[in-house]
Amino acid sequence: MKEYNDSYLNEGNYRTYDEILRTLGVDWKKPGVRVLELGSGNAKFLDYLRKNGVNAVGVDIRPTGSVELPQITTRVEQLFNATESVDVVLSIQVFDNSFYQQNHLLMMQEIARVLKPGGIYIAHGEQIEIASVPHLTLVTELSEFGLQVYKKS
Ligand SMILES: C[S@@+](CC[C@H](N)C(=O)[O-])C[C@H]1O[C@@H](n2cnc3c(N)ncnc32)[C@H](O)[C@@H]1O
């Protein structure tokens with residue numbers, strides 16, 4: 001896995017996403033709200049989310065975190081079958097074709113497919129190489145933080 005110091009970022013990221021979601025009228029700690037973290041890797045942020053009451057599940061091609069945590073081993077290009085089943089998708093430094101071999105069109109299409117209508121995708125530090133996919137609209141861009149926020153129509 002690409003080297004990446006995540007030790008001090010969890011709290012900051014959590015607060016940033018919480019604020020973005022509240023602004024969009026989403027309470028990710030509400031019972032029944034389902035969150036998916038793409039490229040959850042060592043699952044440290046996934047663990048942080050769950051300890052803070054967020055019902056989050058991870059997806060990674062090579063998960064390395066504790067087996068106690070719910071991580072699905074699969075590619076973002078081919079997520080689970082359930083469509084329109086997730087309220088919030090997150091990813092942190094996952095889209096990167098200079099390091100991984102990825103199909104960004106398929107990845108974005110899968111995000112659009114699994115999100116519920118009105119669902120939110122927060123992309124953080126991502127180098128997404130396609131302009132757009134149907135049903136996923138860029139609603140906020142905070143370039144200084146490398147953040148893009150998409151909404152499913
Ligand atoms: C730089 S790491 C970031 C990990 C984690 N998001 C974090 O912030 O610590 C990128 C992760 O994305 C995963 N990954 C990259 N491309 C993927 C793909 N197409 N499908 C699933 N996982 C992928 C890698 O295995 C790795 O765990």
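How many bridges join strand β6 (residues 136-142) to strand β7 (residues 147-152), and in which sense do the two strands run? The structure is a predicted model, in which local features need pLDDT of at least 70 and side-chain atom pairs count only at pLDDT 80 or more, whereas totals for chains, interfaces and linings use all residues. Residues are numbered from 1 along each chain as its sequence is written.

View 1. Six bridges join β6 to β7, and the strands run antiparallel; two strands pair if DSSP finds at least two bridges between them. T137 has K151 in β7 as its bridge partner. Four residues lie between the strands of this hairpin, and G146 in the turn has a positive phi of about 65°.

**View 2. The protein chain as a whole.** The protein chain contains three helices and seven strands, where helices (H or I, at least four residues) and strands (E, at least two) are DSSP runs numbered from the N terminus. Their order along the sequence is α-β-α-β-β-β-α-β-β-β. The radius of gyration of the protein chain is 14 Å, close to the 15 Å that the globule rule gives for 153 residues, so the chain is as compact as a globular protein of that length. This radius is taken over C-alpha atoms, and the globule rule is 2.2 Å times the number of residues to the power 0.38. Buried residues account for 34% of the 153 residues; a residue is buried if 20 or more other C-beta atoms lie within 10 Å of its own, exposed if 12 or fewer, and partly exposed in between, with C-beta atoms placed from the backbone.

**View 3. Strand β4 and its parallel partners.** Seven of the seven residues of β4 (residues 86-92) are buried, so this strand is largely enclosed by the rest of the structure. With strand β1 (residues 35-38), β4 pairs in the parallel sense over four bridges, and S91 in β4 is the bridge partner of L38. Six bridges join β4 to strand β5 (residues 115-124), also in parallel, with V88 opposite I120 in β5. Together with helix α3 (residues 104-114), β4 and β5 make a right-handed β-α-β unit. A crossover is right-handed if, with the strands pointing away from the viewer, the path from the first strand over the helix to the second runs clockwise.

View 4. From β1 the chain crosses through helix α2 (residues 44-51) to β2 in a right-handed β-α-β crossover.

**View 5. The surroundings of the ligand.** The ligand is surrounded by 20 residues, of which the closest are G39, G41, I61, V76 and I92; a residue is near a molecule or strand if its C-beta atom, placed from the backbone, lies within 6 Å of it. The shell has eight nonpolar, six polar and six charged residues. Here Ala, Val, Leu, Ile, Met, Phe, Trp, Tyr, Cys and Pro count as nonpolar, Asp, Glu, Lys and Arg as charged, and the others, Gly among them, as polar.

**View 6. Residue T74.** T74 lies in the loop between β3 (71-73) and β4 and is partly exposed, with 14 other C-beta atoms within 10 Å. T74 and D60, 14 residues apart in sequence, are 5.7 Å apart in space, C-alpha to C-alpha.
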